[in-house]
Amino acid sequence: MKKITIRDIAKQAEVSISTVSFVINGKGEKMAISPAVIKKVQDVAQKLQYKPSMIASSLRTGKTRSIGLIVEDISNQFFADLARVIEDEAKNIDYRVFYCSTGDDNHRSEELVQSLLQANVEGFIITPTRNLEKTIGMLLKMQKPVVLIDRYFANQKVSHVLMDNYEGSHSAVKYLIEKGRKNIAVVNNKSGMIQMKLREKGYIEALKEEGIYNENYTLQLDYHSSEKNRIDAIISFFKENPGIDAVLFLANYLGLAGLQAFRTLKYKIPDDISVISFDDHDSFKLHTPTITVIAQPIEDIAVKSIQLLMGQMTNYDDFKIEKILKKGTLIIRESV
């Protein structure tokens, strides 16, 4: 299909190319072009389904109307759902989103930030890797609008939006205790990121309040280990601790590995062991029995992050740093 140009619009509207250029760039009235001609050009442009060049517009205005979204793993359903809502929210205000995954690799994260800077994005929404604090600081010095999601750096003055991870974990453990579970394990990763630390802290303190905390019931797995290695490690852990009657997985990919491990161990859920996982996943809904989860408020996080970013982009000199915690939802299913 032939690309429509302003020359095509000018020919059909019977006006000059410069007149079309002024109209589609919003300068018609300023250049004293009559309302009738402006409408005629606009109608022809719409009829021909004209799409202006984003590159040309960027060169002309210095604005790309684009946002850089950097997440940990776009293949993970939580981040995929978050990206989709952010993209929808950005589209509503006529912004595009360039999104990419870090794989929790700090070097890759730094490269992605540099690439997005070269693409002249107007703002960043970032799920930071463990050592990205210096790069975030660079963006702040450059006065680039930045909002962090899912995790943050405690000592850095930058707006962030995330779930109250401590409360989510604490309430999940309390629910397990209410259901009569006393030997409750936790499966975490070794990333050391603050959201994972807060989830484990909520687990520990909920058990300590009841006087039933057992430090031997904590399993920490390498983030970069293969799925097979995760499954094998979980199998070994539960074989070594046969008295465990419940487990809290602190991420959905850990929960999915755990379900495969329990299948190998021939555990019956919830008869042999009760299961709760952070971050909902379609597989948890389809599993028999269905799996209880702590669901993140994805839409709330996405909408608020866009709002905070737009506040910086429209008034950088006067915006206030906001640190937002959103409460998660314990979705009760059949696994407890």
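The chain has a radius of gyration of 25 Å, whereas a compact globule of 336 residues would have one near 20 Å. Keep in mind that this is a predicted model. Along its principal axes, the C-alpha trace spans about 85 × 40 × 30 Å. Welcome to the structure; here is a short tour, from the whole chain down to single residues.

**The chain as a whole**

- The secondary structure comes to 13 helices and 12 strands.
- Of the 336 residues in the chain, 51% are buried.
- If you take the contacts between residues at least 6 apart in sequence, 70% of them join residues at least 24 apart.

**The nonpolar cores**

- In soluble globular proteins, nonpolar side chains tend to be buried together.
- Here, the largest nonpolar core holds 50 residues, and those with the most contacts inside it are Y203, F238, V247, L248 and F262.
- Helix α11, which covers residues 252-265, gives the most to this core, with 8 residues.
- Another core, of 25 residues, lies apart from the largest one, and L82, A90, A302 and L309 are among its members.

**Helix α6, end to end**

- Helix α6 runs over residues 106-118.
- With its 13 residues, α6 reaches 19 Å from its first C-alpha to its last, close to the 18 Å expected at 1.5 Å a residue.
- Its buried residues are N106, S109, L112, V113, L116 and L117.
- These residues lie on the same side of α6, because they cover an arc of only 135 degrees around the axis.
- On the other side of α6, you will find H107 and Q118 exposed.
- The buried residues of α6 pack against the strands β1 (66-71), β2 (96-101) and β3, and also against helix α7 (133-141).

**Just after α6: N120**

- N120 sits in the loop between α6 and β3, the strand of residues 123-126.
- Just after α6, N120 takes a positive phi of about 60 degrees.
- N120 counts as partly exposed because its relative accessibility is 29%, which falls between the 20% limit for buried and the 50% limit for exposed.
- N120 and M138 are 18 residues apart along the chain, and their C-alpha atoms are separated by 15 Å.

**T135 in helix α7**

- T135 is part of helix α7.
- T135 has a relative accessibility of 10%, so it counts as buried.
- Leaving aside its neighbours within four places in sequence, T135 is in contact with E110 and V113; V113 is also one of the buried residues of α6.

**Q77 in helix α5**

- Q77 belongs to helix α5, which covers residues 77-92.
- Q77 counts as buried because its relative accessibility is 16%.
- Apart from neighbours within four places in sequence, Q77 is in contact with H281 and D282.
- For D282, the backbone nitrogen lies 3.0 Å from a polar atom of the Q77 side chain.

Conventions. Residues numbered from 1 in each chain as written. Predicted model: local features only at pLDDT ≥ 70, side-chain atom pairs only at ≥ 80, totals over all residues. Heavy atoms only, no water. Helix = DSSP H or I, 4+ residues; strand = E, 2+ residues; numbered from the N terminus. Buried < 20%, exposed > 50% of the residue type's maximum accessible area, 1.4 Å probe, protein only. Core = buried A, V, L, I, M, F, W, Y, C linked by side-chain atoms within 4.5 Å. Expected span 1.5 Å × (residues − 1). Arc of directions from axis to C-beta. Contact = heavy atoms within 4.5 Å. Rg over C-alpha atoms; globule rule 2.2 N^0.38 Å. Polar contact = N/O pair within 3.5 Å; in protein donor to acceptor, adjacent residues only side chain to side chain.
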